[in-house]
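This report covers side-chain packing and aromatic residues in one protein model. Please look at the sequence and structure first.

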Amino acid sequence: MTHAQWIALQDSYRVGELVMPCCSAPAIPKLSANGRPFFAHVGGSCSTSEESLWHMTAKTLIRSVLEDLGCQASEEKAGEHGTNRWQADVWAERGPVKLAVEIQRSYQSLRAYRDRQEKYRTAGVQALWLLRSDRYLTLTKSMGKERLRTELGGVVPAVGHFGPCLNEIPVARLELDPEPAISGAGFFSSTVSGLLEAVLSGRFRCVDGLWCIDNLDTMHQAAQISRARAAGRISTS
């Protein structure tokens with residue numbers, strides 16, 4: 001298949017028309033960072049893998065919490081707007097708000113995050129990315145490099161904290177064990193319910209390269225406490 005034919009397939013396929021040979025799950029035709037064509041699982045992983053168990057558990061958790069917050073919620077919701085198509089891991093609606101929550105465990109390039117985020121933005125859909133710890137670290141590293149290059153002239157600020165996040169990609173770290181918890185760069189932390197409510201109400205925002213709820217005050221306080229503990233001024237017991 002030529003490059004042009006592969007691009008045409010990406011533009012024309014519908015979810016469910018292509019399947020993976022390993023588990024018969026829906027497949028997505030993609031291009032790697034160096035332009036190589038490949039097929040990927042719609043949910044980001046194979047249903048026979050340990051990774052998929054984490055993904056499925058996370059989807060069920062997020063859907064349940066959203067329902068508790070008064071949303072109509074479902075998993076693996078397909079949608080489209082013009083020529084753009086998507087399949088949200090968890091889809092929720094509450095009043096006028098439409099929210100897609102993407103739960104990412106497998107690797108995805110920064111360009112792919114941006115492309116998928118743009119599809120939701122142009123459709124008037126809010127989106128939130130929840131990543132397992134290793135993927136969160138990979139993404140924040142890529143975003144930090146991009147922010148340094150495009151916003152700060154490649155120079156890390158001499159004073160203050162450098163926030164590595166981009167304001168067009170709402171993202172947080174999701175941990176399931178020993179109990180569900182949300183965290184992020186700059187000492188951000190929240191319950192799952194607290195984060196989702198903030199997103200639904202428009203209170204999850206990016207300030208100085210850090211995603212937070214309302215503002216950075218709580219995160220600054222956490223940073224001060226952490227520095228005081230490191231200096232031995234506050235007991236850890």
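The model is predicted, with local features requiring pLDDT of at least 70 and side-chain atom pairs pLDDT 80 or more, while totals for chains, interfaces and linings use all residues. Residues are numbered from 1 along each chain as its sequence is written, and side-chain values use heavy atoms, without hydrogens or water.

A nonpolar core is a set of buried Ala, Val, Leu, Ile, Met, Phe, Trp, Tyr and Cys residues joined through side-chain atoms within 4.5 Å; buried means under 20% relative accessible area (1.4 Å probe, protein chains only). The largest such core has 45 residues, and Val-171 is among those with the most contacts inside it. A second, separate core has 7 residues, including Trp-86, Trp-91, Val-125 and Ala-127.

Trp-129 is buried, because its relative accessible area is 0%. Beyond four places in sequence, its contacts (heavy atoms within 4.5 Å) include Tyr-113, Ile-169 and Val-171.

| Pair | Quantity | Value |
|---|---|---|
| Trp-129, Gln-117 | side-chain polar contact (N or O atoms within 3.5 Å, one able to donate a hydrogen and the other to accept it) | 2.8 Å |
| Trp-129, Pro-170 | C-alpha separation | 6.1 Å |
| Arg-85, Tyr-13 | Arg over the ring face (CZ within 6 Å of the ring centre and within 35 degrees of the ring normal) | 5.7 Å from the ring centre |

The structure holds 5 aromatic pairs (ring centres within 6.5 Å). Trp-86, Trp-91 and Tyr-120 form one aromatic cluster.

Methods. Phe/Tyr/Trp six-rings, centres within 6.5 Å; stacked < 30°, edge-to-face > 60°. Buried < 20%, exposed > 50% of the residue type's maximum accessible area, 1.4 Å probe, protein only.
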